[in-house]
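Subject: Structure handover

Dear colleague,

Here is the structure I promised to pass on. My notes follow below it.

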Amino acid sequence: MGVAYSVGEVDHLYTFFVQWSPEMYTKDNKKHRQPHYIVREKHQNRYLVVEKDKVAVINKLLINPDNRTANNWEIITVKDSTRRQSVCSSEESEAEEPEDQEYVDDLLPVLSDHSQLLDDRHLESIATHMPARTQGYPWQLVYSTAIHGTSLKTLYRNMAGLDSPVLLVIKDMHNKVFGAFSSDPFRVSNYCYGTGETFLYSFGPDFKAYKWSGENSYFVRGHLESLQIGGGGGGFGLWLDADLYHGSSYSCPTFHNQPLSTQQDFILQDLEVWTTQK
């Protein structure tokens, strides 16, 4: 694609997008279209979502041959961006893929930071169960035990002020990856919160997603001493302690899940939380 824009032009570009497709770019949009490309500033975590059929028009509209900062911006596919940002991305050259496979790849979450836990296989499996409002948007790392240490208080603090879904990713000491997608950011609360978009998942190694059963609404509850996801039957679907060191996973009525971890009581090796950027 190879088209680049200055910082000033990207502001013009965003205004152009809002006027052209307000249903996608306004804050309270109700319609969710599927974007295929993003405009990316190469050395900053700044993105704008672009639909495939609009790339040529945008190029024609905004190319400036005298632009000295042209190399700062580029248009790339969502798939390419995901593979560049993920630590675990494949280095193999991409073969020609069927159109339906390209569509699946374009729905992969775009990671704006490196992930120690997620690769394309994980992202593709999880993305198919995420609500449409999250698809095609960049995902930002808001908490990582490798960066921020092991503290549930810090996890809550990093999410203060967020109003977007979050993806919790855990690796236990047996190297099993599992976690939860929450419709709401984690916070301390005296009551359960969340919606039926919330689900649990695990890779063991095959991917399994456990969606809301409808039996109760015990989606998420945050305490200073623990984080609880799912419940109602004497055990939690996923439970983490205040030090993000010990955890447990039991079958629960909220999701009718199997235990996510290798053992029902487990020790965490690593943990990440991601949220959408809009």
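Helices (H or I, at least four residues) and strands (E, at least two) are DSSP runs, numbered from the N terminus.

The model is a predicted one, in which local features need pLDDT of at least 70 and side-chain atom pairs count only at pLDDT 80 or more, while totals for chains, interfaces and linings use all residues. Residues are numbered from 1 along each chain as its sequence is written, and side-chain values use heavy atoms, with hydrogens and water left out.

Strand β5

Strand β4 (residues 110–111) runs parallel to β5 and is joined to it by 2 bridges; two strands count as paired if DSSP finds at least two bridges between them. V110 has P138 as its bridge partner in β5. β5 is also joined to strand β14 (residues 265–276), by 5 bridges and in antiparallel fashion. There S144 stands opposite E272 of β14. Of the 7 residues of β5, 6 are buried, so the strand is largely enclosed by the rest of the structure. Buried means under 20% relative accessible area, exposed means over 50%, and partly exposed lies in between (1.4 Å probe, protein chains only).

Nonpolar cores

A nonpolar core here is a set of buried Ala, Val, Leu, Ile, Met, Phe, Trp, Tyr and Cys residues joined through side-chain atoms within 4.5 Å. The largest one has 29 residues, and those touching the most other members are L155, F186, L271 and V273. At least two residues of this core come from each of β5, α8 (152–158), β6, β7, β11 (226–229), β12 (238–241) and β14. The biggest contribution is that of β14, with 4 residues. Neighbours within four places in sequence aside, the contacts of V273 (heavy atoms within 4.5 Å) include Q140, L141, V142, Y143, L155 and F186.

Salt bridge

Which residue forms a salt bridge with R133? The partner is E197, with the closest N and O atoms 2.6 Å apart. R133 sits in the loop between α6 (120–127) and β5 (138–144), and E197 in the loop between β7 (177–182) and β8 (199–203), so the pair ties together parts that are 64 residues apart in sequence. R133 is partly exposed at a relative accessible area of 23%, and E197 is partly exposed at 26%. A search of the whole structure finds 1 salt bridge, the term being taken as a side-chain nitrogen of Lys or Arg within 4 Å of a carboxyl oxygen of Asp or Glu.

S202 is in strand β8 and is buried, with a relative accessible area of 4%. Leaving aside neighbours within four places in sequence, S202 is in contact with K176, V177, F178, F207, K208, Y210 and L260. A209, in strand β9, is partly exposed, with a relative accessible area of 25%. Not counting residues up to four places away in sequence, A209 touches H129, F199, L200 and Y201. A209 and I126 are 83 residues apart along the chain, and their C-alpha atoms are separated by 7.9 Å.

Backbone points to check

Most residues other than glycine have a negative phi, and most peptide bonds are trans. G204 and P205 are joined by a cis peptide bond, with omega about 0 degrees; P205 lies in the loop between β8 and β9 (207–210). N175, in the loop between β6 (166–172) and β7, has a positive phi near 65 degrees. H256, in the loop between β13 (246–248) and β14, has a positive phi near 50 degrees.

Whole chain

The chain has 8 helices and 14 strands. Of its 278 residues, 51% count as buried. Taking contacts between residues at least 6 apart in sequence, 62% join residues at least 24 apart. The accessible surface comes to about 13500 Å², 47% of it belonging to carbon and sulfur atoms; accessible areas come from the Shrake-Rupley method with a 1.4 Å probe, and for residues only the protein chains shown count as cover.

Regards
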